[in-house]
Amino acid sequence: MNPNRFQHILAAVDFSAAALPTAQMAASEAALHGAQLTLIHMVNPQIVTLQLPEDILPPMLDMRGRLLELAQQEMAKLAAQLPILSPPLDWTVEESADRMGMAVTVWGAAHGVDLIVVGSHGHGAIGRLLLGSVANDIVHHARCPVLVMKVKAE
């Protein structure tokens, strides 16, 4: 195996303006290296678990399920905008109660990813000191190279 050739690239996307440029860069790298490309979107179930009385939020209202369904739809739309790759592009929506960046790195390590591509908006607290909090977590905790796509906020 060539150490300069990536085998499995993971692109972490969040459906913001950074998602498509991030996925496109990852697809370019995958095509260049003949690598498997996986797009991943992490959902934190704690964000949608509201602590409200049942008379305010009926138990039949499945916000978690709806959020996952919407994320699946957005991933399909995003994947459709990318070039056809060989091997074919794969995508997944995963749930984790961890911080999003940590969840991405754990998933990547468990699935043999050797490059992670992530977008950064550079918002807040001086851009989280130049990177977003998710990108920052990925850069600091990944066990493989990380390519950060700086995307200008519109």
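Student: Which strands does α1 lie across, and at what angle does α1 run to β4?

Tutor: Helices (H or I, at least four residues) and strands (E, at least two) are DSSP runs, numbered from the N terminus, and contact means heavy atoms within 4.5 Å. Axes are lines fitted to C-alpha atoms, for helices over the stretch in contact, with angles from 0 to 180 degrees between N-to-C directions. In this predicted model, α1 lies across β1, β2, β4 and β5 and runs at about 155° to β4. α4 also packs on the sheet, where it touches β1, β2, β3 and β4, and its direction makes about 145° with that of β2.

Student: What should I know about the numbering and the limits of the model?

Tutor: Residues are numbered from 1 along each chain as its sequence is written, and side-chain values use heavy atoms, with hydrogens and water left out. Because the model is predicted, local features need pLDDT of at least 70 and side-chain atom pairs count only at pLDDT 80 or more, while totals for chains, interfaces and linings use all residues.

Student: In what order do the strands of the sheet stand?

Tutor: Two strands pair if DSSP finds at least two bridges between them. Here five strands form an open sheet with parallel pairing, in the order β3-β2-β1-β4-β5, and β3 and β5 are the edge strands, each pairing on one side only. β1 and β2 (residues 36-43) are joined in the parallel sense over five bridges, and Ile9 has Leu37 of β2 as its bridge partner.

Student: Which residues touch the most other members of the largest nonpolar core?

Tutor: A nonpolar core is a set of buried Ala, Val, Leu, Ile, Met, Phe, Trp, Tyr and Cys residues joined through side-chain atoms within 4.5 Å, where buried means under 20% relative accessible area, exposed over 50% and partly exposed in between (1.4 Å probe, protein chains only). The largest core has 26 residues, of which Ile9, Leu37, Leu39 and Val117 touch the most other members. A second, separate core of 14 residues includes Leu10, Met42, Val104 and Val118.
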